[in-house]
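Here is a short briefing on selected helices, loops and side chains. Please keep the sequence and the 3D view side by side as you read.

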Amino acid sequence: MKALVYQGPGNKEWAEKPMPKIEKPTDVIVKITKTTICGTDLHILKGDVPEVTSGRILGHEGVGVVEEVGAAVRNYRKGDRVLISCITSCGSCANCKRQLYSHCEDGGWILGHLIDGTQAEYVRIPHGDNSLYPIPEDADEEALVMLSDILPTGFEIGVLAGAVKPGDAIAIVGAGPIGIAALLTAQFYSPGRIIMVDMDENRLGVSRQFGATDTIRVGEEDAVAKIREMTGGVGVDVAIEAVGVPATFDVCQQVVAAGGHVANVGVHGAPVELHLENLWIQNINISMGLVNTNTTPMLMKTVQSGKIDPSKLITHRFELNDILSAYEVFGNAAREKALKVIISA
């Protein structure tokens, strides 16, 4: 089969790889129908995730059709349409029993990380009963690809960890797919103000369409000073970091109000400076983490009901054998006005 293969920092290729096989009775082999590229994949290519070794097939998002199941799989059969979770979970270890699926003792984030991922014609999904979701008959598969990772990540690590409440003032620093996922799901809790911060005017325009009350374009305005001005010098109740670089985390530290929350969602490949000398006396809560995907079933219901429509995040479409072009577009998002790309097999 063909797949997108990581060959060390800065290098990737569309190459021939062996078909995945059932290795354990709980495995499911899925034929990919649609996948996408994540900002985390770009971090891997930059060398920010050294655990990813040369020869690894990238990707941890997608939908597909069950091709083969292991002898112990109960919930799926050949031909079933499924959503692939970015997090693999056994469902029975101590961490899984407290819904900390990202730290499953035999799983977690392993697809496109520690085992071969979804940017391929076929993928092996360990613990298929717990790591796949059935796709409703009338569902929009492209929209559901957004449920593999970005929607639960923005919701769980940004909105829930940030303890967003009705009436809150929120700043989301980074208006890429994860930032907009946080924007969409924050509105479940009726915040009073959502301020989106980014360098890209196109992404800020999309943010306004999706419910942002205010936008700040970095480079034209001082984000910290502007947020302070907007909030009467108080700052925001919740500051969500959705990029993964020191400068954006620093903005969050500077704009959070006393008693507020800084929720770090971005994947950081370099250390950040934590200003405890300022934060300790303000009773600030700081959270960070890897998505657990325990909210995926609920989010699927909101998508099916039309409460949110993540398909609006899709800006470009490619065939799987043209995935290198998809990476070129996604890697130059500002120039190409790209948010999420859909790659169809």
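Is the crossing of α5 and α11 left-handed or right-handed? The crossing of α5 and α11 is right-handed. A crossing is left-handed if the near helix is turned anticlockwise from the far one by less than a right angle, and right-handed if clockwise.

This is a predicted model, in which local features need pLDDT of at least 70 and side-chain atom pairs count only at pLDDT 80 or more, while totals for chains, interfaces and linings use all residues. Residues are numbered from 1 along each chain as its sequence is written, and side-chain values use heavy atoms, with hydrogens and water left out. Helices (H or I, at least four residues) and strands (E, at least two) are DSSP runs, numbered from the N terminus.

**Helix α5 against α11**

- Helix α5 covers residues 150–160. The axes of α5 and α11 come within 10 Å and cross at roughly 115 degrees.
- Axes are lines fitted to C-alpha atoms, for helices over the stretch in contact, and angles run from 0 to 180 degrees between N-to-C directions.
- α5 and α11 are therefore roughly perpendicular to each other. Angles of 65 to 115 degrees count as roughly perpendicular, under 35 as roughly parallel, over 145 as roughly antiparallel, and the rest as oblique.
- From α5, the contact uses Leu151, Pro152 and Phe155; from α11, it uses Thr296, Met298, Leu299 and Val303. Contact means heavy atoms within 4.5 Å.
- By class, the contact of α5 with α11 has six nonpolar residues, one polar and no charged. Ala, Val, Leu, Ile, Met, Phe, Trp, Tyr, Cys and Pro count as nonpolar; Asp, Glu, Lys and Arg as charged; the others, Gly among them, as polar.

**Helix α8 against α9**

- Helix α8 (residues 223–230) packs on helix α9 (residues 246–255) at an angle of about 30 degrees. Their axes are 10 Å apart.
- That angle makes α8 roughly parallel to α9.
- The crossing of α8 and α9 is right-handed.
- Ala223, Val224, Ile227 and Arg228 in α8 meet Val251, Gln254 and Val255 in α9. By class, this contact of α8 with α9 has five nonpolar, one polar and one charged residues.

- In helix α1 (residues 39–46), the buried residues are Thr40, Asp41, His43, Ile44 and Leu45. Buried means under 20% relative accessible area, exposed over 50%, and partly exposed in between (1.4 Å probe, protein chains only).
- Cover for the buried residues of α1 includes β1 (2–6), β2 (12–16) and α12 (323–331).
- Gly47 follows α1, with a positive phi near 95 degrees.
- In helix α7 (residues 201–209), Arg203, Leu204, Gly205, Val206 and Ser207 are buried. They pack against α6, β9, β10 (214–217) and α13 (333–336).
- At the start of α7, a side-chain oxygen of Asp200 comes to within 2.8 Å of the backbone nitrogen of Asn202.
- Just after α7, Gly211 has a positive phi of about 120 degrees.

- Tyr133 sits in strand β7 (residues 132–134). Tyr133 is buried, with a relative accessible area of 15%.
- Tyr133 and Asn75 are 58 residues apart along the chain, yet their C-alpha atoms are separated by 9.5 Å.
- Leaving aside neighbours within four places in sequence, the contacts of Tyr133 include Tyr76, Arg81, Thr296 and Met300.
- The side chain of Tyr133 reaches the backbone oxygen of Thr293 at 3.5 Å.
- Thr293 lies in the loop between β13 (285–288) and α11 (296–305). At 3% relative accessibility, Thr293 counts as buried.
- Phi of Thr293 is near 65 degrees, a positive value in a residue other than glycine.

**Two loop serines**

- Ser190 is in the loop between α6 (177–186) and β9 (193–198). At 49% relative accessibility, Ser190 counts as partly exposed.
- Ser190 is a residue other than glycine with a positive phi, near 55 degrees.
- Ser311 is in the loop between α11 and β14 (314–319). At 17% relative accessibility, Ser311 counts as buried.
- The side chains of Ser311 and Asp309 make a polar contact (2.5 Å). A polar contact is a pair of N or O atoms within 3.5 Å; within protein, one must be able to donate a hydrogen and the other to accept it, and residues adjacent in sequence count only if both atoms are side-chain atoms.
- Beyond its neighbours within four places in sequence, Ser311 is in contact with Asp140 and Ala143.
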